[in-house]
Amino acid sequence: MLDYVADKLPGHNQDIHNEARQGEAYAPFANDPNTYSKKFYIESYGCQMNFADSEIVASILNQEGFGATRHYENADLILVNTCSIREKAEQTIRKRLTEFKKIKDKKPGVLVGVLGCMAERLKSKFLEEEKLVDLVVGPDAYRTLPALVDGAEGGQKAVNVLLSREETYADISPVRLDSNGVTAFVSIMRGCNNMCSFCVVPFTRGRERSRDAESIIKECKDLYDKGYREVTLLGQNVDSYYQAPPAPQDGIVRTVTFAKLLEMVAQISPLLRVRFSTSHPKDITDDVLHTMAKYENICNYIHLPVQSGSTRILQLMNRTYTREWYMGKINRIRELIPGCGISSDIITGFCTETGNDHSDTLSMMEYSKFDMSYMFFYSERPGTLAQKRFEDDVPEEIKKKRLLEIVELQNKLSLESNKSDIGKTFKVLIEGNSKRSDKDWMGRNSQNKVIVFPKENYELKKGQYVMVQVHDCTQATLIGKMV
Ligand code: 5AD
Ligand code: SF4
């Protein structure tokens, strides 16, 4: 079933549907029996926030004597960090949990835990009705994991799905799982107050709260010192980051807005690239755009989900902007940051969507010239405003037909955008070998486009910057040569 189409770019706070990444064995720790007496395996689904959360979980478990393993067959504790954003995601995860249940049945003593949004949404249903898992832990309760594991080992029901207004895990240094050693995600806030009518996130991740700026800067500096050269600041709605520390002695209140935070991170080193995701069009300010323009190391790339091109549908979605307002934002970005990469999220077949509304979405895509989009058909989620207020009345065939049309248009736009880069030279951060050949490097330009180019005979390493001239492209990749 096609309900999701996307290029898997790590610079996004988006689904990596059906593409669970596995927790990497953390050599030498995981193999050192003196440090870690037990092993955990973690699989993550959904948005980048979930992947970042799994790294916090890894850190908490390390402290408790659990080392990570890549192989669930070797694990004493199997964890699945779950996503509820669409029904399809939940179905995929449910299948996976059924597979892990079989392992549990064969190997008594192995514990299986469900973390994240599905844990929060379904709460103890997993334990009571289905006996699929031993632990159910919501996104704000990871500090209690060690106690819950102890309890589950003793045969107790281990559930904690309390949401918090304060928890940001600010003091926990994430253990980088599956890292390329060059790019990393840094979570700057949690939860969401927006209440888009289709979205389950405000219910599963709770109220919005910002992490204190000092701990964010410290984490980014540490990453830089360890050789990382790109950080992506993560949040459901990064532009509403806000911190108002108590007034110091001098009486000046030093509030930190998202623009200020971006600047603080950019000042760590000109060699550290800064990205962020996700921006809500209503919250991204001129201040943020000016800050992006001012610092060369803040990447010229914005993920700005439009969701629909029809003002009527946007209103039903509770997005709080109109079609014209969004177009104005696109114009402003292009004016202040010429050549900025822009990508989007789009939903087809939302409640009452007509052929005309759909045409508005297509023309919005043409107008905005998105370089890339994540595209979905609407999936009704229990408990959301849309589920309570509106009928899910667009037939599935029509949702899918419209999805195919937007996918085709996006493919055309992506190819056009890439073709317009032929002949241009970009500064590229090398992330590693290209997927196809270890004779080629793969990296990204500031606009977040993937560029592949031959290594030639230079002594280069990942984490270094090179200038690459583009001479060819596909819809997803630029192909170049070092200059
Ligand atoms: N159905 C389809 N897509 C959804 N998204 C969020 N909720 C739903 C839903 N119920 C999409 C939005 C959002 C992205 C993360 O997932 O486009 O920006
Ligand atoms: Fe969901 Fe809207 Fe919040 Fe994004 S901004 S997490 S779509 S409610």
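Accessible areas here come from the Shrake-Rupley method with a 1.4 Å probe. With that in hand, hello everyone, and please keep in mind that this is a predicted model. By that method the accessible surface of the chain comes to about 20300 Å², and 50% of it belongs to carbon and sulfur atoms.

Let me stay with the whole chain for a moment. The secondary structure comes to 14 helices and 23 strands. The radius of gyration is 22 Å, close to the 23 Å that the globule rule gives for 483 residues, so the chain is as compact as a globular protein of that length. Along the principal axes, the C-alpha trace spans about 60 × 60 × 60 Å. Of the 483 residues, 58% count as buried. If you take the contacts with a separation of 6 or more, 73% of them are between residues 24 or more positions apart. As for charge, there are 65 positive and 66 negative side chains, and the centres of the two sets lie 1 Å apart.

Now for a couple of helices. H14 covers residues 396–419, which is 24 residues, and reaches 34 Å from its first C-alpha to its last, close to the 34 Å expected at 1.5 Å a residue. Which residues of H14 are buried? Among them are Leu 403, Ile 406, Val 407, Leu 409, Gln 410 and Leu 413, and also Ser 414 and Ser 417. When you look at that pattern, remember that an α-helix has 3.6 residues a turn, so residues three or four places apart point the same way.

H2, residues 87–106, has 20 residues and reaches 29 Å, close to the 28 Å expected. Its buried residues include Ile 93, Leu 97, Phe 100 and Ile 103, along with charged ones such as Lys 88, Glu 90, Arg 96 and Lys 104. And what do the buried residues of H2 pack against? The partners are strands S3 (38–44), S5 (77–82) and S6 (111–115), plus helices H3 (116–122) and H4 (125–130).

Next, some single residues worth a click. Thr 204 sits in helix H6, residues 201–205. Is Thr 204 buried or exposed? Thr 204 is buried, because its relative accessible area is 1%, under the 20% cut-off. Beyond its neighbours within four places in sequence, Thr 204 is in contact with Cys 117, Glu 120, Arg 121, Pro 139 and Leu 163.

Cys 47 is in the loop between S3 and helix H1 (48–63), and at 15% relative accessibility Cys 47 counts as buried. Cys 47 and Cys 83 are 36 residues apart in sequence, and their C-alpha atoms are 7.6 Å apart in space.

Leu 385 lies in helix H13, residues 385–389. Setting aside neighbours within four places, Leu 385 is in contact with Met 195, Ser 197, Asn 318 and Phe 390. Asn 318 is 67 residues away along the chain, with a C-alpha separation of 9.2 Å from Leu 385.

Last, the backbone. Most residues other than glycine have a negative phi, and most peptide bonds are trans. Here the peptide bond from Ser 277 to Thr 278 is cis, with omega near 5°, and Thr 278 is in the loop between strand S15 (273–277) and helix H9 (286–294). Lys 123, in the loop between H3 and H4, has a positive phi near 45° and counts as partly exposed at 39% relative accessibility. Lys 369 has a positive phi of about 50°. That residue is in the loop between helix H12 (355–368) and strand S18 (372–377), and Lys 369 is exposed, with a relative accessible area of 54%.

Methods:
Residues are numbered from 1 along each chain as its sequence is written. Chains are lettered from A and ligands numbered from 1 in the order in which they are written. This is a predicted model: local features need pLDDT of at least 70, side-chain atom pairs count only at pLDDT 80 or more; totals for chains, interfaces and linings use all residues. Side-chain values use heavy atoms; hydrogens and water are left out. Helices (H or I, at least four residues) and strands (E, at least two) are DSSP runs, numbered from the N terminus. Buried means under 20% relative accessible area, exposed over 50%, partly exposed in between (1.4 Å probe, protein chains only). Contact means heavy atoms within 4.5 Å. The radius of gyration is taken over C-alpha atoms; the globule rule is 2.2 Å times the number of residues to the power 0.38. The place of a charge is taken as NZ of Lys, CZ of Arg, CG of Asp or CD of Glu. The expected span of a helix is 1.5 Å times one less than its number of residues.
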